[in-house]
Amino acid sequence: MLLLSKFKISGHSMEPQIKNGNTVLVSGIIYLFKSPKKGDVIAFKNLDGKILIKRITKKENGKYFMGGDNRKDSLDSNKFGMISKDKILGKVIYTLPAGRQEF
Amino acid sequence: MKLIFSFLLRNLLTQNIAYAHCDIPCGIYDPHGAQLAAHTIIRMTELLTEVKKESELKAEHDISRLTHVKESQSNLLEEELTTLENDYFKAEHYKEYPKLGENFSNANKLGAKVRQNIDIDAAEELLEEVMQIAEIFYKTKGVEFVRVKSVYPTQRELVIQK
């Protein structure tokens, strides 16, 4: 779980909300007090240790099914399996508006 | 509150990459599509400068169509480059080929320039950046490549696998 971290997004699966190249702020603090819920956009580690950003589309037996918003162009839990809470790094709490990604 | 978040995003935190992938990881990448789009942009730019002005209506019609194709091919080129930049090339490639990041950055800027103007020099520079990206792509694949004169009306070069 992350206290606070920022990530640059690579990929299109969360468009239109989060675009390729956007920067997001992720925090796990909120999940110390309540469980992740359906609809949350979260950062998590998949099996090969890569950090992914997806939306929780359902919760079953304490595990989370993840999906992209851009259904035409997204990997989902059908491909990489459901994830457990310990793989969740945090919730996306802020996205830097498009067009202001340069630092 | 937004200002605090922006400040944190810009200044305080180390940035990592998070993947919103995306495409089924099929491993099929090719710089050919980007080169084709760059050639088409050159061709549309040339044709725009050659539009005959005999009939005003016909000229307006031709300019609209040519500009539309130039615009849509610029979109396609941007998409092809984004896929290569973010999905194919990895951190180690950017380290091994330090010019690669600059090639993408230049290509993005030139992509905007060729949309905004009828600028054959910019279109040619864009193709050159795209060809350099293609050459690095083939180097990372460990295959031989060569620049050949294309068979397109643009008469410009193309990087292909040998």
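The model is predicted.

**Stop 1: the whole complex**

Show both chains. The predictor gives the complex an ipTM of 0.70 and a pTM of 0.60.

Select chain A. Two helices and seven strands make up its secondary structure, and along the sequence they follow the pattern β-β-α-β-β-β-α-β-β. Chain A has 103 residues, of which 34% are buried. Among its contacts with a separation of 6 or more, 55% come from residues 24 or more positions apart.

Now select chain B, which has six helices and three strands. From the N terminus on, the order is α-β-α-α-α-α-α-β-β. Of the 162 residues in chain B, 31% are buried. Among contacts between residues at least 6 apart in sequence, 61% join residues at least 24 apart.

Colour chain B by pLDDT. The average is 89, and 89% of the residues score at least 70.

**Stop 2: α3(B)**

Select residues 56-88 of chain B. This helix has 33 residues and spans 46 Å from its first C-alpha to its last, close to the 48 Å expected at 1.5 Å a residue. Its buried residues include B:Leu66, B:Lys70, B:Gln73, B:Leu77, B:Leu81, B:Leu84 and B:Asn86. What do the buried residues of α3(B) pack against? They pack against β1 (5-10) of chain A, and against α2 (32-49), α5 (99-116) and α6 (120-141) of chain B.

The axes of α3(B) and α5(B) come within 10 Å and cross at roughly 170 degrees. The two helices are therefore roughly antiparallel. On the α3(B) side, show B:Glu71, B:Ser74, B:Leu77, B:Glu78, B:Leu81 and B:Glu85; they meet B:Phe104, B:Ala107, B:Gly111, B:Val114 and B:Arg115 of α5(B). By class, this contact has five nonpolar, two polar and four charged residues. B:Ser74, B:Leu77, B:Leu81 and B:Glu85 are also among the buried residues of α3(B).

**Stop 3**

Select residues 120-141 of chain B. Helix α6(B) has 22 residues and reaches 32 Å from its first C-alpha to its last, close to the 32 Å expected at 1.5 Å a residue. Among its buried residues are B:Ala122, B:Glu129, B:Ile133, B:Ile136 and B:Phe137. Which elements cover the buried residues of α6(B)? The cover includes α2, α3, α5, β2 (145-149) and β3 (157-161) of chain B.

Of the α6(B) residues in it, B:Ala123, B:Leu126, B:Leu127, B:Val130, B:Met131 and B:Ala134 are buried.

Step just past the end of α6(B) to B:Gly142, which takes a positive phi of about 70 degrees.

**Stop 3: backbone details in the loops**

Stay in chain B and go to the loop between β2 and β3, where B:Gln155 is found. B:Gln155 has a positive phi of about 65 degrees although it is not a glycine. Is B:Gln155 buried or exposed? B:Gln155 counts as exposed because it has 11 C-beta neighbours inside 10 Å.

Return to chain A and select A:Asn61, in the loop between β4 (51-60) and β5 (63-67). A:Asn61 is not a glycine, yet its phi is positive, about 50 degrees. With 5 C-beta neighbours inside 10 Å, A:Asn61 counts as exposed.

Finish at the loop between β1 and β2 (23-27) of chain A, which holds A:Pro16. The peptide bond joining A:Glu15 and A:Pro16 is cis, with omega about 10 degrees.

Definitions and conventions: Residues are numbered from 1 along each chain as its sequence is written. Chains are lettered from A and ligands numbered from 1 in the order in which they are written. This is a predicted model: local features need pLDDT of at least 70, side-chain atom pairs count only at pLDDT 80 or more; totals for chains, interfaces and linings use all residues. Helices (H or I, at least four residues) and strands (E, at least two) are DSSP runs, numbered from the N terminus. The expected span of a helix is 1.5 Å times one less than its number of residues. A residue is buried if 20 or more other C-beta atoms lie within 10 Å of its own, exposed if 12 or fewer, and partly exposed in between; C-beta atoms are placed from the backbone. Two residues are in contact if their C-beta atoms, placed from the backbone, lie within 7 Å. pLDDT is the predictor's confidence in each residue, from 0 to 100. Axes are lines fitted to C-alpha atoms, for helices over the stretch in contact, and angles run from 0 to 180 degrees between N-to-C directions. Angles under 35 degrees count as roughly parallel, over 145 as roughly antiparallel, 65 to 115 as roughly perpendicular and the rest as oblique. Ala, Val, Leu, Ile, Met, Phe, Trp, Tyr, Cys and Pro count as nonpolar, Asp, Glu, Lys and Arg as charged, and the others, Gly among them, as polar.
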